[in-house]
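We will go from stop to stop.

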Amino acid sequence: MKITKQKGTKDIFFDEVKIWEYIEENIRQICKENNVSEIRTPVFEATELYARGVGNDTDIVNKEMYTFIDKGGRSITLRPELTAGVVRSYIENGMNSLASPLKFWYVANMYRYEKMQKGRYREFAQFGIEIFDSDSYLADVETIKISYELMKRLGLYDKVILSLNSIGCKECRDKYIKKFKEYLMPNLDNMCETCKVRFEKNPLRILDCKEEKCNKILENAPLITDNLCPDCKQDFENVKSALDKLNIDYKVDKKIVRGLDYYNKTVYEWTSKDLDLAVGGGGRYDGLVEILGGQSCPAVGFGIGMDRLVLLLTQYNLPKDIDNDIKLFIATTNESGYIEATKLSEILKDNKIVVDINITNKSLKSQTKYADKNNMNFIAFFGEDELNNNKIRIKNMKNANQVDFDISDLDGILKFIKEGNESNA
Ligand SMILES: [Zn+2]
Ligand SMILES: [Zn+2]
């Protein structure tokens, strides 16, 4: 029987993998420019980390985790998100004693057993940033700024919308929950069973309910954003005003509460303008380090779905200049051809030319076909005749121009390739 890939996973190759590499290169570059350092944490962690860090009442922990008992009897979970793992690492490695703030980024695969939708997989990748130990709103602004820089660099900024909200601190949240519960109380009998449980255990989560009858009741519910304490209110105003000054467009969406328990104060989401698609989001999570056993430490971060970015770039036929390398294929007929071609390729590669050398016993005709199918710009022939005469024949695949060069005539070879490439463009 044929073995096929698992539901919710995919193979990425050829044209699609180029888009992934393009996004990853831009991420790496932007993080480097902003002095954010990479962090790599394990794919699996103790299940307890997510139960505590993400929250026992969340869909992620209740329904979506890949959890198993390993051969040593430990309960292990494939990471469903990365913030909890990064916080665990921060605490475990005593990073609170280092000069702060600490700024980390990652691009990593994560795993959630969930319903399949457009751009949503059971194995998916996210680009994330986590910043530790700054309680200033400027840290919030910094994470938004970095995600904005990425959207701009990828050519997606005018294709996405940034929506902001504030969900307050513990103080305003406790007051709000009281008010919210008072509002819900007379309607509770008409709500779904899940919401009835949430009402006792975690009332804020009611705001995430997708049931129509619950949504109807929620239409006129008080919103946390309208019930912020003076500090939280000022903090949110500061974030907005800084974004205004940086010319980063946003809209306030009081319905955003984010799916995870650990957020507070400013939260935000990037969504696609044309497709019904969340691209990413983030916010402040000042309580999480303490929840996971560390000393209290403010933190802020975001996660952006890599699959979503790929989907958008594909949708808009971006980027345009993804494959602008000069590519040369060297056709050969024996081992000496391969050796000579390799020696020559060192200089060509130093000049940023991609060199692909024949490694088959195929005829020159079928090697030419391979070069054509692989969009090579030039093909060079190192057949026996050429080798015996210390020559190499190079042909411009686009205009069929071809010239025989002495192998030692490196300047001539490079000039032919560079000038030929310019005339092809
Ligand atoms: Zn507050
Ligand atoms: Zn409900």
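Start by selecting cysteine 214. It is buried, with a relative accessible area of 0%. Buried means under 20% relative accessible area, exposed means over 50%, and partly exposed lies in between, with a 1.4 Å probe and protein chains only.

Before moving on, note that this is a predicted model: local features need pLDDT of at least 70, side-chain atom pairs count only at pLDDT 80 or more, and totals for chains, interfaces and linings use all residues. Residues are numbered from 1 along each chain as its sequence is written, chains are lettered from A and ligands numbered from 1 in the order in which they are written, and side-chain values use heavy atoms, without hydrogens or water.

**Stop 1: the zinc ion (ligand 2)**

Now show the zinc ion (ligand 2). Which protein donors hold the zinc ion (ligand 2)? They are Cys192, Cys195, Cys209 and Cys214, each through SG, at 2.2 to 2.3 Å. Donors are N, O and S atoms within 2.8 Å of the metal (3.2 Å for Na, K and Ca); water is not among the atoms, so sites may look incomplete. The site is tetrahedral, with angles of 105 to 115 degrees among its 4 donor atoms. Four donors count as tetrahedral if all angles lie between 85 and 135 degrees. Along the chain, the donors of this ion follow the spacing C-x2-C-x13-C-x4-C. Cysteine 192 sits in the loop between α6 (170-184) and α7 (193-201), and cysteine 214 in helix α8 (residues 212-218), so the pair ties together parts 22 residues apart in sequence. Helices (H or I, at least four residues) and strands (E, at least two) are DSSP runs, numbered from the N terminus. Cysteine 192 is also buried, at 7% relative accessibility.

**Stop 2: the zinc ion (ligand 1)**

Select the zinc ion (ligand 1). Its donors are the SG atoms of Cys169, Cys172, Cys229 and Cys232, at 2.2 to 2.3 Å. This site is tetrahedral, with angles of 103 to 120 degrees. The donor spacing reads C-x2-C-x56-C-x2-C. Cysteine 172 is in helix α6 and cysteine 229 in the loop between α8 and α9, so this pair ties together parts 57 residues apart in sequence. Both cysteine 172 and cysteine 229 are buried.

**Stop 3: the cores**

Select Phe132, Leu184, Met191 and Ile206. Within the largest nonpolar core, of 53 residues, these touch the most other members. A nonpolar core is a set of buried Ala, Val, Leu, Ile, Met, Phe, Trp, Tyr and Cys residues joined through side-chain atoms within 4.5 Å. Strand β5 (residues 102-111) gives this core its largest share, 5 residues. Apart from it lies another core, of 46 residues, including Phe127, Ile129, Val300 and Leu309.

**Stop 4: helix α11**

Colour helix α11 (residues 306-315). Of its 10 residues, 7 are buried, so this helix is largely enclosed by the rest of the structure. Among the buried ones are Met306, Leu309 and Leu313. Just after α11, asparagine 317 takes a positive phi of about 55 degrees.

**Stop 5: paired strands**

Finish with strand β4 (residues 75-78). It pairs with strand β2 (residues 44-46) in the antiparallel sense over 3 bridges. Two strands pair if DSSP finds at least two bridges between them. Strand β3 (residues 67-69) also pairs with β4 in the antiparallel sense, over 3 bridges. Click isoleucine 76 in β4: alanine 46 stands opposite it, and isoleucine 76 is also the bridge partner of phenylalanine 68. β3 and β4 form a hairpin with 5 residues between them, and glycine 73 in the turn has a positive phi of about 80 degrees.

Definitions and conventions. Tetrahedral: all angles 85-135°; square planar, octahedral: opposite > 155°, others 65-115°.
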